[in-house]
There are 2 protein chains.
Amino acid sequence: MKQLKEILLNIRKLASAESVLHWDMETYMPEGGGAFRGDVMAYLSLLTHQMATGAPLRDALARHIDPETGELVNITLNDDEKRIVQLTRKDLQKQLVLPDAFVEEMSKHVSATQQVWTKARKNNDFAAFAPYLEKMIELKKREADYYGYEDKPYDALLDGFEPGMTTDRIAALFGELKPRLVGLVDRITAAPPIDDRPLRQTFDTQEQWKFGMGIAKAIGLDMTRARQDMSAHPFTTGFHPDDVRITTRLDETMLLSGLFSTIHESGHAMYEQGLPKAHFGTPLCEAASFGIHESQSRLWENVIGRSKAFWEYALPVLKTHFPQLQDVDLADWYRMINIVKPSLIRVEADEVTYSLHIMLRFDIESRMMNEGLKVADLPEIWNAKIKDYFGIVPKNDAEGVLQDVHWSFGGIGYFPSYAMGNLYGAQIMNTAEKDIPAFWDKVRSGDFSALKHWLNEKVHARGRYYDPEALIKVISGAPLSAEPFMDYLEKKYSEIYRL
Amino acid sequence: MKQLKEILLNIRKLASAESVLHWDMETYMPEGGGAFRGDVMAYLSLLTHQMATGAPLRDALARHIDPETGELVNITLNDDEKRIVQLTRKDLQKQLVLPDAFVEEMSKHVSATQQVWTKARKNNDFAAFAPYLEKMIELKKREADYYGYEDKPYDALLDGFEPGMTTDRIAALFGELKPRLVGLVDRITAAPPIDDRPLRQTFDTQEQWKFGMGIAKAIGLDMTRARQDMSAHPFTTGFHPDDVRITTRLDETMLLSGLFSTIHESGHAMYEQGLPKAHFGTPLCEAASFGIHESQSRLWENVIGRSKAFWEYALPVLKTHFPQLQDVDLADWYRMINIVKPSLIRVEADEVTYSLHIMLRFDIESRMMNEGLKVADLPEIWNAKIKDYFGIVPKNDAEGVLQDVHWSFGGIGYFPSYAMGNLYGAQIMNTAEKDIPAFWDKVRSGDFSALKHWLNEKVHARGRYYDPEALIKVISGAPLSAEPFMDYLEKKYSEIYRL
């Protein structure tokens with residue numbers, strides 16, 4: 001195992017270097033640096049790929065697991081080691097089954113499609129984008145065939161984001177979710193609107209920064225092993241559990257946006273900091289899935305950060321930064337930070353409507369991949385569904401079917417992870433509330449350490465040892481379900497909107 | 001040549017990635033990131049070394065130049081290409097002649113020596129450091145033997161910093177310099193001291209930052225291809241001519257320190273930005289030498305930045321940032337930013353005394369390498385020379401022979417480049433003053449573009465095409481001499497100190 005781990009660690013060093021270069025590109029790099037930076041990152045990426053598929057790794061791995069059958073051939077491995085060789089084989093196979101010519105064709109098509117999409121969205125021109133998306137789906141079907149799948153082609157792609165998830169499983173979960181969610185949105189839309197005038201002021205960005213940093217530290221982000229910077233789009237990246245970076249953006253007219261982005265990214269970053277360092281370099285020191293990662297950011301942002309208990313602690317602190325909020329009381333504040341408003345744009349959606357945006361995309365993606373849904377029909381289907389869910393209709397495709405970048409870079413199968421994060425998060429929080437004595441009292445007093453340590457133990461330290469559904473079952477003792485999430489939403493928003 | 005250039009460019013990509021990681025380490029990296037960062041950088045460094053000495057490069061090179069004799073075998077090369085293959089062969093040979101066992105021994109000894117030096121300086125314990133320095137000199141003599149030399153062992157090391165320079169050549173230049181320099185210092189020390197009370201105030205660091213950035217831009221640093229950040233020790237690093245980073249440190253009690261550091265590093269950075277991009281990846285797009293690099297920083301910092309003409313333009317600007325300086329007049333300001341004060345510490349030395357600190361180190365280094373000077377005798381020799389040059393004596397070895405980090409990392413032969421930078425810079429500026437019409441009038445009006453473009457053409461764009469002495473001769477039409485530097489100093493300081 002020593003040799004295998006050494007090769008994996010070297011691969012991780014190169015990937016980590018590339019991440020630093022990417023972080024710098026998004027935060028500090030002067031404009032002029034872009035062209036060469038792209039070349040350097042592409043070269044590091046090539047070297048990483050070569051090492052991750054090269055003979056030394058394959059030979060070292062074959063001493064422990066049969067590359068063809070996946071059967072373990074080294075009988076002395078402990079459970080961690082078994083999982084390491086199984087995941088390494090899985091990751092390796094995914095790279096090996098794609099012929100070089102296909103990888104090159106895909107890479108060229110992604111480049112072209114991203115450019116076309118950028119222009120198409122700007123010009124609100126779906127017709128220009130359509131042939132590129134059609135070709136993308138065709139390539140993605142071929143990719144799915146290379147990977148192989150038991151039931152449906154889309155399953156092969158989902159596995160890259162949520163290992164073990166299938167079209168049917170997600171459809172079942174979303175099927176549970178949808179009627180209750182649509183019903184809740186309907187009741188909320190019918191309720192009297194919440195007054196948010198106190199938020200419609202300008203808020204000094206330096207004070208926003210200080211408050212946000214204070215909250216990040218308070219909830220448990222270890223700043224000796226992390227830092228925050230500014231970037232155009234907030235993100236989290238981990239070079240190692242001891243060096244994690246988050247970014248935010250601040251706008252003096254949008255207090256909540258910057259604040260909740262910092263809490264969201266801190267949730268991601270605490271996951272990265274809590275991964276099992278002893279296994280660094282191996283797949284065990286990686287996140288369980290995109291959706292589990294998203295569960296960590298969303299539970300801190302929404303379940304904690306938008307709770308009344310949290311603001312019992314945080315509102316007085318906020319008022320020291322912004323005396324202009326002196327007269328706002330907790331009950332009103334709690335309502336206005338939880339306003340639900342059906343909107344056309346996914347990234348602007350609130351905690352309640354967000355999952356509906358995802359379901360729409362899941363429905364379209366899965367049908368394109370599995371059932372031959374025609375790209376030409378997308379705008380019509382999109383607009384009909386939005387009308388159905390929210391009672392509003394996009395003025396044009398730019399604020400409809402063209403709004404997201406994901407399809408243009410080939411990220412088919414990515415969207416469901418966002419909504420899965422909500423489901424995972426609610427089920428995890430349900431268990432945490434039972435496990436941690438006087439949980440909400442602790443939150444009210446600004447003590448988040450019990451939750452952080454609980455998550456460290458139950459989620460973070462387990463890295464990629466379990467696939468996401470298995471992880472949720474181990475943590476909560478129950479199969480994954482949409483119920484905890486819906487129960488949480490209905491309870492919370494019935495109070496807020498006095499339904 | 002295409003294949004050779006491609007390999008060289010790939011090597012440069014890895015080296016550039018390592019530079020980004022180093023920059024991040026010195027500027028933003030959280031404390032926790034240090035351990036793994038060291039591992040990543042060491043691994044990138046190893047990969048770079050492997051590529052820079054590997055068969056693909058050697059084979060590609062051998063098609064153009066005989067690796068043994070250095071004779072060109074491809075007769076179709078143009079002058080640039082000839083120089084590229086010659087320099088590549090030279091750099092390659094330097095790596096190939098060192099046996100792996102020697103490289104490992106040196107690397108271990110450097111690690112150990114750096115730790116010992118840090119402690120020894122702190123505890124003022126030369127005896128603890130002495131055996132490590134002895135071993136270092138022994139290793140450096142072996143290194144010199146591996147490289148080979150015509151006359152003296154120290155020459156082989158000097159060539160790594162100032163290609164073509166020898167012990168005798170530098171001794172001759174320093175011999176010219178020394179009597180005039182010591183005489184000037186004597187006359188200055190005897191003159192009445194300059195009143196610098198206006199500098200003994202506190203200066204807001206944010207305003208210092210703004211002023212410094214303004215000056216960097218004014219003298220010609222292209223901020224679309226550069227940026228400045230804070231670090232413990234100011235430095236410049238170039239990832240590519242289009243992405244250059246400088247750092248500074250600011251202290252509210254030391255206005256001049258932060259300002260002149262920004263100008264100094266901007267001089268380095270403009271050199272990096274001006275290197276011939278078309279040759280990027282090849283040795284032609286590298287600096288001619290450490291000393292030529294230092295000439296660029298020092299001429300902007302001292303010859304321009306500490307001139308009266310410069311402050312005719314800059315003092316009114318400075319006053320808008322610091323109204324507390326409102327009553328300072330130009331003549332007084334000019335005198336107080338040029339105070340000469342013999343001191344024990346090299347890095348705190350002024351423009352006049354600095355070169356004497358270097359000569360002392362050159363004398364000791366060259367005698368250790370060439371004449372068997374005993375390490376045990378160093379403190380005594382050091383203190384006697386300092387007394388001779390400045391009339392003061394270190395209280396202890398921490399402010400004497402133990403003060404510099406260079407010997408501990410094996411940088412024997414590095415020091416002379418600092419003083420050579422002064423000589424190169426003065427001779428370059430001499431020529432610039434003649435070539436550029438109404439030169440000082442331009443400076444007085446805040447127009448630095450003529451000088452910047454002149455340096456771009458005469459120095460920067462030539463990259464490593466010439467060895468340093470040849471470069472100076474091509475630029476100035478005369479052999480390198482200490483005279484321009486001494487003439488400049490004597491004229492400037494006779495006025496300032498009214499000698």
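This is a predicted model: local features need pLDDT of at least 70, side-chain atom pairs count only at pLDDT 80 or more; totals for chains, interfaces and linings use all residues.
**Entry 1**

I next located Val393(A), which sits in a loop of chain A. That loop runs between α15 (378-390) and α16 (415-435). Is Val393(A) buried, exposed or partly exposed? I noted a relative accessibility of 44%; Val393(A) is therefore partly exposed, since this value lies between the limits of 20% and 50%.

I then asked which residues Val393(A) touches once those up to four places away in sequence are set aside. I found Leu344(A), Asn383(A) and Lys387(A). I also took the C-alpha to C-alpha distance from Val393(A) to Trp382(A), which is 9.3 Å, with 11 residues of separation in sequence.

**Entry 2: the two domains of chain A**

I consulted the domain assignment for chain A, which gives domain 1 as 2-96 and domain 2 as 124-499. The contact between them draws 20 residues from domain 1 of chain A and 25 residues from domain 2 of chain A. Taken over C-alpha atoms, the centres of the two domains lie 28 Å apart.

For the extent of this interface I turned to buried area. The size of an interface is often given as the accessible area lost when the parts come together. Domain 1 and domain 2 of chain A bury about 2100 Å² between them, and 56% of this is on carbon and sulfur atoms. Which three residues supply more than any other three of the area that domain 1 of chain A buries against domain 2 of chain A? I recorded Trp23(A), Arg83(A) and Lys94(A), which together supply 30% of that area.

I then examined the polar side of the same interface. I counted four salt bridges across the interface of domain 1 and domain 2 of chain A. I also looked up the salt bridge in which the side chains of Arg464(A) and Asp91(A) meet, with an N to O distance of 2.8 Å. Nine residue pairs are in polar contact across the domain interface. On the side of domain 1 of chain A that touches domain 2, α1 (2-27) and α4 (79-96) each supply at least two residues. The largest share of that side, 10 residues, comes from α1(A).

**Entry 3: chain B against chain A**

I finally looked at how the two chains meet, and found 36 residues of chain B in contact with 36 residues of chain A. How much area do chain B and chain A bury between them? The value is about 2700 Å², of which 70% is on carbon and sulfur atoms.

I counted four salt bridges between chain B and chain A. I also noted the salt bridge between the side chains of Asp24(A) and Arg245(B), 2.8 Å from N to O.

Conventions
Residues are numbered from 1 along each chain as its sequence is written. Chains are lettered from A and ligands numbered from 1 in the order in which they are written. Side-chain values use heavy atoms; hydrogens and water are left out. Helices (H or I, at least four residues) and strands (E, at least two) are DSSP runs, numbered from the N terminus. Buried means under 20% relative accessible area, exposed over 50%, partly exposed in between (1.4 Å probe, protein chains only). Contact means heavy atoms within 4.5 Å. Domain bounds come from an automatic or database domain assignment. Buried area is the accessible area (1.4 Å probe) that two parts lose on being put together, summed over both. A polar contact is a pair of N or O atoms within 3.5 Å; within protein, one must be able to donate a hydrogen and the other to accept it, and residues adjacent in sequence count only if both atoms are side-chain atoms.
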